[in-house]
Amino acid sequence: MEDKERVERLVDETARRLEVALDEIRRSGVPADAAREIENEILDEFRRKSQEALVDSVRAKILEKRAAAGAVEPAGEEWVLRLSLLFRVQHMILFSSVILLIFTGLPLKFPESFLAKLVFATQESFIVAKTVHRAAAASLAFFVILHLYYVLFTRDGRADFVHLLPRPKDALDVLDNLKYFFGASDRPARFDRFSYVEKFDYWAVYWGVIIMVGTGLALWFQEQFLTFMPKYLFDVLKEMHSDEALLATLAIVIWHFYNVHLNPSRFPGTLLWWHGRISADEMKRDHPLEYERLMRKRAESGAAGAGGKGTEPS
Amino acid sequence: MMIASRAAENGAVPRFGRLILPILIASRVFAGAAYGVESFPIEVKTANDNVKCFVCHDRPEMKEKLSDGRLKSYFVDPAEYRDSTHGKNPCTSCHKDITRAPHAPGRKTVNCTGCHYMENVYGAPASEADIERYELYRKSVHKRALDNGNPDAPNCYDCHGSHDIIPPSRKESRINRRNIPRTCGRCHIDEYATYKTSIHGEALENGIMEAAVCTDCHGEHGTVEIKRKGSTVSAVSTPETCRQCHAEEKLMSRFNIKATYYATYRESYHGKANRFGVEVVANCASCHGYHDIRPRNDPKSSIHPANLPATCGKCHRGANINYTRGRMHIEASDPSSGIVFWVALAFKILTGATIAALVAHIALDLMRRLIVRGRNGR
């Protein structure tokens with residue numbers, strides 16, 4: 001009702017200004033053309049101001065209704081929980097293990113490198129690096145178990161796993177993005193909860209972990225392995241361990257770092273990995289399908305009268 | 001090692017040595033009295049004067065019985081001496097303290113550095129390298145043993161000879177390549193016997209002068225204990241020593257031996273750990289042996305397939321026949337490495353293709369972002 005008062009005030013004020021202006025004109029004997037111009041100016045200002053007031057009042061009414069329905073359109077500053085706590089914990093275990101594994105493993109692949117001279121400065125540090133490598137490997141194995149638990153026994157995990165399964169849309173998304181990159185389309189692919197970029201990262205970890213943990217176990221327990229397996233198989237596994245390590249490192253450093261740190265819209269990185277939240281704007285931009293589904297869900301639950309404030313997307 | 005065991009055998013000798021001197025003096029005095037000659041001055045200024053010395057010293061029977069029962073010979077073959085490098089020197093150039101005959105007891109040992117030092121007036125070989133060799137010798141296990149009172153430890157003339165010194169280039173020289181093992185073997189007899197049966201020893205016997213002799217691995221003047229810093233045959237330094245020959249393409253090709261063993265070792269886990277000073281990993285000698293190195297097809301060789309489980313088993317508990325199923329010294333980039341080569345190749349292709357695709361995607365993304373930004377006028 002505030003808006004009605006605002007409009008009424010505006011009408012009164014304008015009338016008063018017109019009256020004052022007309023008095024002035026009459027008294028000073030300004031030509032008729034100039035007098036009409038002044039009049040028009042005052043009326044134009046009224047038109048603009050009254051329009052603004054009306055639109056504001058309508059917008060307020062819409063928001064009021066939405067609020068009543070319980071479905072709040074996230075304003076620019078709203079943050080939506082994207083990654084659950086368990087998801088983030090898994091990621092932290094994964095990246096700390098992998099960083100340690102890389103820093104203690106790569107020097108062995110490149111013994112002439114600067115990194116090797118740094119990490120393997122002495123006989124003792126060589127042994128320490130070996131122990132750290134194995135501790136980090138055990139931590140990685142723990143991550144695998146935790147992730148299997150997450151995927152099998154938690155609701156979030158099962159839902160995420162289904163979202164992460166590759167599907168034909170991913171291939172179409174790649175094509176859409178290629179079209180966009182080459183200027184044949186002016187809009188990039190519209191992703192759901194996980195883009196093909198993220199799915200690649202996810203499934204690459206499966207491939208990498210299976211190879212690295214599988215071959216790493218043989219290297220770790222080589223005497224046991226060689227009691228029933230031939231040496232050439234051991235050599236093959238050692239080669240795979242070394243080669244896959246390089247592939248994984250390059251993939252992480254090039255692909256993952258670009259997509260979450262170095263690309264201009266995220267540089268130097270977000271805190272998503274820490275607090276798990278994503279801004280509504282970012283969600284609208286990077287995961288529009290998920291965003292729309294979230295809004296629909298809010299509207300539906302609002303229509304059903306639940307009035308819940310659930311912000312967890314699915 | 002050998003010195004130590006010999007010293008143990010003759011355990012009494014060094015301590016007993018202190019008792020020898022008075023006995024020696026007594027026997028000398030008695031000898032002089034026996035000849036019925038008082039000691040008189042002699043002058044030996046030139047090689048021609050050496051005849052004076054040979055009056056007595058050309059007699060093979062000129063020996064002295066030491067108190068421990070050993071015989072010490074004072075015989076010098078005049079012909080051999082004249083033929084030696086020092087043949088033109090008067091005897092007193094080395095035996096500086098001889099002024100009278102019969103000689104007074106307690107004579108000094110010969111000191112080679114009396115001539116062989118820098119800028120010496122005699123023109124004796126004493127280049128910087130020669131001096132350095134002496135400096136090396138001073139720090140060697142031999143000199144330290146000598147200084148610590150081991151009478152068996154070698155002085156210069158134990159290896160180079162004394163009255164029979166000739167240039168090493170001559171076949172009969174004690175330090176000519178073909179004779180070095182025998183020279184070292186005079187003390188290190190067990191090692192010598194083992195070496196003789198090894199591939200290196202056999203090759204040398206067959207006139208292959210490139211075969212490794214003692215000094216190629218152990219060094220000569222500067223040889224030190226295995227555990228001591230600077231040893232060329234320690235767990236860590238051995239590969240560097242073997243490579244001096246075994247990584248030489250030209251040399252190895254003459255004997256049909258691959259020159260890649262060192263490189264492939266360096267790329268193995270053993271080799272990489274070795275580079276960073278890890279002592280427990282295998283070095284060349286751990287598998288191939290050292291004085292007893294034999295070719296793979298020799299049934300006595302430590303790397304003969306039948307012996308490999310035992311050889312690997314020195315470090316790897318429970319090593320069995322599986323350790324022989326697969327080649328040693330493999331190189332992933334070499335097609336002869338079999339399945340390892342193919343796996344490595346597959347990974348190379350996979351890695352190249354994956355990274356190329358990822359980089360292309362990133363490049364296209366960045367390019368598009370630039371274009372969009374340009375269009376928006378920012």
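Visitor: In which loop does His329(B) lie?

Guide: Residues are numbered from 1 along each chain as its sequence is written, while chains are lettered from A and ligands numbered from 1 in the order in which they are written. This is a predicted model, in which local features need pLDDT of at least 70 and side-chain atom pairs count only at pLDDT 80 or more, whereas totals for chains, interfaces and linings use all residues. Helices (H or I, at least four residues) and strands (E, at least two) are DSSP runs, numbered from the N terminus. With these names in hand, His329(B) is placed in the loop between helix H17 (308-313) and H18 of chain B.

Visitor: Is His329(B) buried, exposed or partly exposed?

Guide: The backbone of His329(B) has a positive phi near 50°, in a residue other than glycine. A residue is buried if 20 or more other C-beta atoms, placed from the backbone, lie within 10 Å of its own, exposed if 12 or fewer, and partly exposed in between. Because 16 other C-beta atoms lie within 10 Å, His329(B) is partly exposed.

Visitor: Is Asn256(B) buried or exposed?

Guide: Asn256(B) also has a positive phi, of about 60°, although it is not a glycine, and its place is in the loop between helix H13 (249-254) and helix H14 (261-267) of chain B. Because it has 6 C-beta neighbours inside 10 Å, Asn256(B) counts as exposed.

Visitor: Which helix gives the largest share of the side of chain A that touches chain B?

Guide: Two residues are in contact if their C-beta atoms, placed from the backbone, lie within 7 Å, and the contact takes 30 residues from chain A and 34 residues from chain B. On the side of chain A, the elements giving two or more residues are helix H5 (123-153), helix H7 (168-181), helix H9 (222-228) and helix H10 (231-262). The largest share, 15 residues, comes from H10(A).

Visitor: Are H10(A) and H18(B) roughly parallel or roughly antiparallel?

Guide: Axes are lines fitted to C-alpha atoms, for helices over the stretch in contact, and angles run from 0 to 180 degrees between N-to-C directions. H10(A) and helix H18 (residues 339-375) of chain B pack at an angle of about 5°, with their axes 9 Å apart. Angles under 35 degrees count as roughly parallel, over 145 as roughly antiparallel, 65 to 115 as roughly perpendicular and the rest as oblique. H10(A) and H18(B) are therefore roughly parallel.
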